[in-house]
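Dear colleague,

Please find below the structure that I am handing over to you. My notes on what was found in it follow directly after.

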Amino acid sequence: MASALARDSLDPSAAAAFGDVHRFLSEASVFGREGTRDADAAIGALSLTLPVAPVQARSTDRTRDVPANLAEDCDRLSRAAFETLHHRSDHRMSGSDLQQLARWTAIQRLLAGRVLLRAAEELPDEAAAALRDSAGALRGSAQAWQKSATAWHRIVDIADPRSHPKLPPPSYEIVRRGEVVRLPQVVPHPATVIAHTAAVRVGQLLYGPEWRPEAATRPDPRGGSEILTDAQGTGALASALYRLPAAGWQLALAAPQAVSLARGGLVTDVFEQQAPGRENHRFRPVNPYQLEALSRPYKAVLSAEQASAASLLEVAAQAGVQVPRALLDAGAHRTLAAGQGWGQGRRTIRSDQSGLQAQQPQVRQRRRTL
């Protein structure tokens, strides 16, 4: 309710106040649940984030609302990652969902980097250099996500074959025998739709509210001063874009679980990657090595997203903007990493003010003031 009031209010001060109420209530629900973990089990039914439901960006959206809308998208993606990890949803991510989710996430990172580069044109050298470093980190995240998508090349999820190799037209004999069938029409996982929406929102910040990734031509980007005005400054811009890699880290951690759940319907037409048997079929089940190859790229995504998030938090700190949400994400990431068996070689991010730690895998320990 507070989020809807903040979005629809015509008074800027009222909108800001309702936005603060929404944020404080969200944080209170997280800490409240942690403090009452041993209480009545019915408390576990409380929703900590927005429901995973498809959302759409509209051409009538105001560019100054993009940071708030993007935060809601990231909350939904975090919820989707949680549900995938803990089997809380009947709608599982398919192979096609994972491919498209990775591609849209890569586009988000590239667009966010271009937003930072555009804003850097309006800043002094030191502040501009920090934004360019963050843009480079986001580009690394985009490359890692794109590699996770290309790992699915020539692999088809027969339960959801939206993404599949280009097939030759059916022969005359097949048509004559009536063996031509239509591919099933499957509803995309909401996380895929939300990832697309998040990409549109970052593009709206960069190109204007009418921009869509499907457009044949790319318009000129908006001025850096306009972007900074809509985001309310460099620190607030970095804080808003930080939510992308923070949620992306959770999605990357959940992706191997989604691969495992989809493994029964994965087939390939590459002979070296096929499991034995069914010699007369073009598509045969993938072998265990190929399943491992599908999950392996997400480890690189984890470290790339960590680097992007840390870089953006540093930009926010240099601008004098604190990011309280980072403390919540740190606790969530620590819990998720521990649950997935990341017992050693973890990274620790600390807040000197609160002492809250977030342990994450395979990066050296370091101290950072949020």
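Ser295 touches Pro256 and Val259, when residues up to four places away in sequence are not counted; contact here means heavy atoms within 4.5 Å. Ser295 lies in helix H10 (residues 288-295), helices (H or I, at least four residues) and strands (E, at least two) being DSSP runs numbered from the N terminus. At 18% relative accessibility, Ser295 counts as buried, a term that means under 20% relative accessible area, with exposed meaning over 50% and partly exposed in between (1.4 Å probe, protein chains only).

Please note that this is a predicted model, in which local features need pLDDT of at least 70 and side-chain atom pairs count only at pLDDT 80 or more, while totals for chains, interfaces and linings use all residues. Residues are numbered from 1 along each chain as its sequence is written, and side-chain values use heavy atoms, with hydrogens and water left out.

The protein chain has 12 helices and five strands. Buried residues make up 46% of its 370 residues. Of the contacts with a separation of 6 or more, 71% are between residues 24 or more positions apart. The average pLDDT (the predictor's confidence in each residue, from 0 to 100) is 81, and 76% of the residues score at least 70. Over residues 342-370 the pLDDT is below 50, and this stretch has 77 contacts in the model beyond near neighbours in sequence.

Which residues touch the most other members of the largest nonpolar core? They are Leu237 and Leu241, in a core of 78 residues. Such a core is a set of buried Ala, Val, Leu, Ile, Met, Phe, Trp, Tyr and Cys residues joined through side-chain atoms within 4.5 Å. Several helices each supply at least two residues of this core, among them helix H3 (66-85), helix H4 (95-120) and helix H9 (234-262). H9 gives the most, with 15 residues. Leaving aside neighbours within four places in sequence, Leu237 is in contact with residues including Val115, Leu205 and Ile227.

I turn next to the aromatic rings. Rings of Phe, Tyr and Trp (its six-membered ring) pair if their centres lie within 6.5 Å; planes under 30 degrees apart count as stacked, over 60 as edge-to-face and the rest as tilted. By this rule there are two aromatic pairs. One of them joins Trp145 and Tyr298, edge-to-face, at 6.3 Å centre to centre and 75 degrees between the planes. Trp145 lies in helix H5 (residues 125-150) and Tyr298 in helix H11 (residues 297-318), so the pair ties together parts that are 153 residues apart in sequence. Both Trp145 and Tyr298 are buried.

H11 has 22 residues and should span 32 Å at 1.5 Å a residue, the expected span being 1.5 Å times one less than the number of residues. The end C-alpha atoms of H11 are 32 Å apart, which agrees. Just after H11, Gly320 takes a positive phi of about 80 degrees.

Most residues other than glycine have a negative phi. Arg154, however, has a positive phi near 70 degrees; Arg154 sits in the loop between H5 and strand S1 (155-157) and is partly exposed at 30% relative accessibility. Gln232 likewise has a positive phi, of about 70 degrees. Gln232 is placed in the loop between H8 and H9 and is exposed, with a relative accessible area of 70%.

With kind regards
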